[in-house]
Amino acid sequence: MSDIKRPPQISNLVRDCSRCVKCGNCQFVCPVFAVRPEESMTPRGKVALVEAVTQGHLDGTSRYKEYLETCLLCGACEEACPNDVETVSIMSRGRTNVPREVRLRTFKGLVLTYFFRAVNLFKYAMRLGRTIQYFLFKRIPASSGMRRRFPMPVITSDRTLPVLSKKFFRDRYQGVVHEGDWLRIGLFTGCAGNYVYTDYNEAILDLLARLGATVVVPPEQVCCGLPAFAGGAQETAKELARKNLEIFEKCNLDIIVTGCASCSSHLTNGYVQILTEAGVEKERAEKFVSAIQDINVFLYNSRMVDKLREIGPVEGKPLKVTYHHPCHLVRHQGIREEPEALISAIPGVEYVPMEEADRCCGLAGSFGVEHYDISKEINDRKIRNIVDSGADIVVTSCPGCILQIRDGLRRNGREDIEVLHIMVLMDRQVKKAERADVAREEGKENQLKIAK
Amino acid sequence: MTPEHTEAARKGPLEKKVRDQVRKIVGKENCSDRREDLFLFAYDGMNRRYLPDMVVHPKDAQQISAIVKLANQEGFTVVPRGAGSGLSGGSLAIDGGLVLTVQNMRRILEIDEESMTAWVEPGVLNVELQEAAEEKGLFFPPDPASMNYSTIGGNAAENAGGPRAVKYGVTGEYVMALEVVLPTGEIIHTGSAAIKSVTGYDLTSLMVGSEGTLGFITKLLVRLLPIPETIRTLLVAFPDLHMASKAVARLMASRVVPSTLEFMDREAVDCVRDYLDMKIPDDTSALLLVEVDGSAAVVDMEADVLERVCREIGARMILRAGTPEERDSMWTARRSISPAIMKIRRMKINEDVSVPRMKIPDLIDGIEGIARKREVKIVNFGHAGDGNVHVNVLVDPDDAGEMERGDEAVKDIFKLVVSLQGSLSGEHGIGISKAPFLGLELTPQSQEVMRRIKRALDPNNIFNPHKSFDFDPASARREIPRSYE
């Protein structure tokens, strides 16, 4: 047994594991088990391993780590568990059981431990990526001699990756970006929303401004810390959480919103404990966390459904829109009705629910890169359900899911189905309705003129 | 069993030379002796841990036969394992040795619509067979609670039952023929594809329910039935348990055979009240969930009969499901008991005793007395139609006194069951969990017959030792203690 220094939060880990009676209910709902029916892929098996390692019967070896990491953290097993075993938390905490030297042996371990922490390094790497990305991924034909296998061990050259944004979101929008007479709202952009899919943050800005809010984008905000936390790099996770707390506290905000399901899940579920472990007083941490809301919940609570219904109609045949529930919203935060109600209220949209809408799409952050083969198979089931729904557009509320579903649709030759963040669709339709409204007004005037 | 017979297989950890030979038989990608993997196959649904020396995923009878021959030669034990969801410890490697899984035997080989049979490999999940059969308008009647994750091979080895057993019977009644690797390595075929067959001893029945002690099932021919056209579901509340029991007897005598007849006692009803959409009367002492299946014209008439019988006896509430959603919400009552009782105590000792149907009130009354005497909470529910009751003794593992009182209560319950001409296990099997109590139900003579059969088929006692009548309390020394111990 190697000498593992156990962080305090795993002292109760054995007790939490002991709730699992190994009945097997979790296997049936596990998306990974569905495509890899082996005991090491079952949630109960992983819990058994965490238990054995924490008790000292087993070393935290690289194989242990590998087994634990073949998990989407989607939470489907928790929902099916008759004994309320908190698998997701056990997996994240179990990953800290791995000795530092084993963790750092991998590229991912290095990234999680050092890279995310060094904010500037992260930013410059993204800038560099923005410049060189065109040489590396799918856009170069496979037949071309220029296209070479990507040398970084964590990235598969096969996967279509999104293009890094030409101009990062927080480089364009900083500080108070809109002055209004309503709430003072801070926007937590998320890394994906800053570097890659800036469109949903732009949509959120526009929608909040229309509602009359004062919108603040603190430029120094950092990664929420979920990748580090889930990967077992607890120190990094603490440091990032603390930074965010300090930065947002200074802005004197009523509410902090984010359009990233993963960020909002980590900010609301994980932050109080992480911050207190980082030495922040509990009250202070709780006050910060209580101000954070997922954008769907915030808009829903702000009676956005009614407001959308009041907006005039959009011309033409309604768009058929289906919704994919991100794990980080539906299970990790219990947010199910809010996005569905919002979609149904968007002008010019017909909501067509798909089968298994809350089943994980298979990305799960770095899982989708490290285990692309498994991830693809899980994704294919999602794609079948999307196609069967007959939708023209699939919306979701998580940049990871967007990336994954776009990749799946491309592989299955269904690029005609558009994948959007809910907020992007909402903003687009609101603007369309507005234009239609203006056109009608103008039309009326013309008619009046004619009547005269 | 003679001491030599029990000791024969125990030779300490498997030598490297032997492990290499196993690797050669199945290929190194189909087996592992890595400690991480051993821990994954150390447990089953009984939630105890015994570490095997090696985990092996053979792909057919020939590979298993070669391994078993090696086991006899080298003196190590082999333990067959399905999904590892059994509740009596049947797949635990008590002496270490090899765990042989069905992971690489998951094919449905053939579904014959006309003869309504299917050939399957043992690793096919019950639910997978159900789905495949459904496409042809057929179903596989055995429906254990674990059907979404347990295997057909495991169902047959444990002779699993389920709610539908009251009308359709248990797994054994649907197994027609088997391919089995014997503990000495021979591959035999039992039974026949013909429905009627009395040629020789019924070895199929011997293998079914043998808990993996007499051989490894490598192929099964199972019987399927046409899916009933429709189902009617009733939820009935009685103010008195005896009334409910009388209703069960009357229902069965009214020539209506329910496809399901589940009951919950007062404690169980109180547990699930909060989970339900419907209001259950406060004075409910027993709740029955009754279903009839068949053609639409008949089931409505049958449901009328059931309703009338229940009302005459004094039911306080009778609800009839009109839609699949309503049926679902009624089943929620039954399905939420397990999670609900875990909110009361962190651990339940779940025993699936079985008594003649008419003795259910005596059983429940007796259990109430035991709960008072031992100062523990006991919740009962289960299959009223066939007298198979799930007795759940709720205990807190942190409370040593309560744990001990719980164990005493279980012993009392077993004695009570036997005094009511009942059986220690209706469907979970004996394994190691109930082995110490076997003598309560089986006479020394009948246990001796079982030993002789075992010795005839497994002379070196290498096949899943220490289970059922072969139980040896000393074998528990290899157990890895549970985390709260």
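# A walk through a two-chain predicted model

Chain A has 25 helices and 9 strands, where helices (H or I, at least four residues) and strands (E, at least two) are DSSP runs numbered from the N terminus. This is a predicted model, in which local features need pLDDT of at least 70 and side-chain atom pairs count only at pLDDT 80 or more, while totals for chains, interfaces and linings use all residues. Residues are numbered from 1 along each chain as its sequence is written, and chains are lettered from A and ligands numbered from 1 in the order in which they are written.

Of the 452 residues in chain A, 48% are buried; a residue is called buried if 20 or more other C-beta atoms lie within 10 Å of its own, exposed if 12 or fewer, and partly exposed in between, with C-beta atoms placed from the backbone. Two residues are in contact if their C-beta atoms, placed from the backbone, lie within 7 Å. Among the contacts in chain A between residues at least 6 apart in sequence, 80% join residues at least 24 apart.

Chain A is divided into domain 1 (8–103), domain 2 (108–294) and domain 3 (304–432), with bounds that come from an automatic or database domain assignment. Between the centres of domain 1 of chain A and domain 3 of chain A, taken over C-alpha atoms, there are 29 Å, and 12 residues of domain 1 of chain A are in contact with 12 residues of domain 3 of chain A. On the side of domain 1 of chain A that touches domain 3 of chain A, helix H3 (31–35) and helix H6 (76–80) of chain A each supply at least two residues. The residues of that side divide into 7 nonpolar, 2 polar and 3 charged, where Ala, Val, Leu, Ile, Met, Phe, Trp, Tyr, Cys and Pro count as nonpolar, Asp, Glu, Lys and Arg as charged, and the others, Gly among them, as polar.

Two helices of chain A show how such elements can pack. The axes of helix H15 (residues 234–249) of chain A and H16(A) come within 9 Å and cross at roughly 100 degrees, the axes being lines fitted to C-alpha atoms, for helices over the stretch in contact, and the angles running from 0 to 180 degrees between N-to-C directions. That makes H15(A) roughly perpendicular to H16(A), because angles of 65 to 115 degrees count as roughly perpendicular, under 35 as roughly parallel, over 145 as roughly antiparallel and the rest as oblique. From H15(A), A:Ala237, A:Lys238, A:Ala241, A:Arg242 and A:Leu245 meet A:Tyr271, A:Ile274, A:Leu275 and A:Glu277 in H16(A), and the residues of this contact divide into 6 nonpolar, no polar and 3 charged.

A:Leu409 lies in helix H24 (residues 399–411) of chain A and counts as buried because it has 22 C-beta neighbours inside 10 Å. Not counting residues up to four places away in sequence, A:Leu409 touches A:Ile383, A:Arg414, A:Glu415, A:Ile417 and A:Val419. A:Lys123, found in helix H10 (residues 119–132) of chain A, is partly exposed, with 16 other C-beta atoms within 10 Å.

In soluble globular proteins, nonpolar side chains tend to be buried together. The largest nonpolar core has 186 residues, and those with the most contacts inside it are A:Leu49, B:Ile67, B:Leu98 and B:Val222; a nonpolar core is a set of buried Ala, Val, Leu, Ile, Met, Phe, Trp, Tyr and Cys residues joined through C-beta atoms within 7 Å. Helix H16 (residues 261–277) of chain A gives the most to this core, with 7 residues. Apart from this core lies another, of 67 residues, among them B:Val292, B:Ile313, B:Met342 and B:Val376.

Where the chains meet, the contact takes 24 residues from chain B and 27 residues from chain A. Helix H3 (35–40) and helix H13 (337–342) of chain B are the elements that give two or more residues to the side of chain B that touches chain A, and the largest share of that side, 4 residues, comes from H3(B). By class, the side of chain B that touches chain A has 10 nonpolar, 9 polar and 5 charged residues.
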